[in-house]
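Biologist: I have just started reading protein models. Could you walk me through this one?

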Amino acid sequence: MGSSSSTSTSTSTTTSTSTTTTVPPYVECLANPALLDSSGLVNVTQNPVVYEGVYYSACGILYLISDFILTKNLTDASAHCCSRNMTLANFATVEELECFWNTILIKPYWNEDVISIWLAGLPTNESTATPYVTLTGTSYSITYQRNGAVMNPSKLSTELCLIGIPSSKGMDFAMSTCDILKQFMCETPLTRSLFPICPDCTAKANRVAAINPYVRMVNDSTPYKGVVFEAYKYLFKSCNNTYMVIESGLNWYESLQSCCELGFIPLMLESNTQRLCLANSTTSKLPVGTYWGGGANHGPLNENTYGWCGSSNKGLITDTNLWDSTQPNRPWSERCIAFILSESSSMAMHDYDCYMLAFPICLLV
C-alpha cells in the first residue's frame with residue numbers, strides 16, 4: 001500500500017507540472033554505450049551519424065556542434081546529446097563563455113548572426129529570464145544578452161527555449177518556441193588528458209656516428225656556419241645549447257625526421273628565458289627567418305592542446321609568453337608551430353600550415 005501511495009504522489013506531481021506550465025517535460029538522459037569509449041566519453045573517432053557535426057575541446061570541456069543539415073527540436077536535440085553522455089551546452093559561467101569565444105567561436109565554421117543553435121535553458125518562471133533550468137533538471141543562471149547588451153526576453157509566454165546566436169561580440173542569447181528545428185550544441189567535461197599525436201622520431205645510428213665528429217668541433221666561439229655538416233646543415237652553440245639549422249625549405253614532418261635521424265630533436269622551448277635568449281642578437285647567432293620547431297596540435301580534439309613532439313620528454317605547451325600576441329589564430333587548420341625571428345630581435349611562436357616550407361632548427365639533447 002505504501003508503494004502505491006508513493007507512485008500516486010509522483011504521478012500527481014508530474015501531472016501538475018505539465019498542466020501548469022508550457023515548458024516541455026524534462027528529458028530522461030540515457031547514454032548509448034555503443035557510442036562511448038572505455039572512459040565513458042563519446043568516441044569521436046567512430047562517428048555513427050553521417051554529417052553529425054564537429055567535436056571540439058576547449059578549457060576542459062568537450063563540445064559537439066551539430067551540422068547544419070542535422071537539425072532537431074529542443075527535446076530531440078537534448079536526447080541526441082544524452083545518447084553521447086553529453087548535455088545541451090549551458091555556458092553557466094562567464095569563464096566558460098569567454099573560453100568558448102576565444103578558442104572555438106572564432107572559427108570560420110560560424111556564419112555569424114545567421115545561424116542559431118539550441119542551448120540548455122528553460123525559464124523556471126514565465127516572468128523572468130533567470131534562473132534557468134536545463135532539460136535534465138539542473139538549475140543555473142544566465143545573463144540574457146543580445147549583441148553584448150543585457151536585455152529581457154519579451155515573449156516568455158510562448159518562446160520558452162534558449163538559443164545561442166554567434167555574433168561579432170560573442171555568443172548572444174535569445175528565446176524561441178521549442179518545436180522549431182535548429183542546430184544544437186552538446187557539452188561534457190573532458191575527463192581524460194589530451195596530448196597531440198606525434199610522428200615517430202628515431203635516431204639512425206649511422207647518421208649519428210657521421211655527425212658526432214662535427215658536434216665535437218662546436219664551441220661557444222664558433223660563428224654561425226662555422227661548422228658545416230653536409231650541405232646547408234650548420235652547427236653552432238648558443239644560449240648554453242648546441243643547435244643545427246638546416247637552410248633548406250622543408251615541411252614540418254620532414255623537419256622532424258631530419259632532426260631526429262641525426263640524434264637531435266626539433267626545437268622545443270622549456271622556458272620564455274630560452275626564447276628571449278635565442279631572439280637576442282647579442283646572445284644568439286640565429287639569422288632572421290622562419291624556423292620549424294617540434295610543437296604541434298595533431299589529432300582529434302587537440303586543436304587547443306599544443307605539445308612538443310620529437311622528444312621522449314614530451315610536454316604540453318602552457319606558457320603563453322612563447323606565442324606572438326596574435327597567435328594561435330587558426331589552430332584548426334594551422335596545426336604546427338613555427339618560430340619567426342624578426343629584424344627587431346623578436347622571436348615568437350606562430351601556428352603554421354604543416355606543409356609550408358621553413359628551415360628546421362634542431363636541438364642537441
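Modeller: Gladly! This is a predicted model, where local features need pLDDT of at least 70 and side-chain atom pairs count only at pLDDT 80 or more, while totals for chains, interfaces and linings use all residues. Residues are numbered from 1 along each chain as its sequence is written, and side-chain values use heavy atoms, leaving out hydrogens and water.

Biologist: Why is the pair of Trp252 and Tyr253 edge-to-face?

Modeller: Rings of Phe, Tyr and Trp (its six-membered ring) pair if their centres lie within 6.5 Å; planes under 30 degrees apart are stacked, over 60 edge-to-face, and the rest tilted. By this rule there are 10 aromatic pairs. The ring centres of Trp252 and Tyr253 are 5.2 Å apart and their planes stand at 90 degrees, so the pair is edge-to-face.

Biologist: Is Trp252 buried or exposed?

Modeller: Buried means under 20% relative accessible area, exposed over 50%, and partly exposed in between (1.4 Å probe, protein chains only). Tyr253, at 29%, is partly exposed. Trp252 has 0% relative accessibility, so Trp252 counts as buried.

Biologist: In E18, which residue is the bridge partner of Ala296?

Modeller: Strands (E, at least two residues) are DSSP runs, numbered from the N terminus, and two strands pair if DSSP finds at least two bridges between them. Strand E17 covers residues 289-296, and 2 bridges join E17 to strand E18 (residues 307-308), running antiparallel. Ala296 also stands opposite Cys336 in E19. In E18, the bridge partner of Ala296 is Gly307.

Note on methods
Helices (H or I, at least four residues) and strands (E, at least two) are DSSP runs, numbered from the N terminus.
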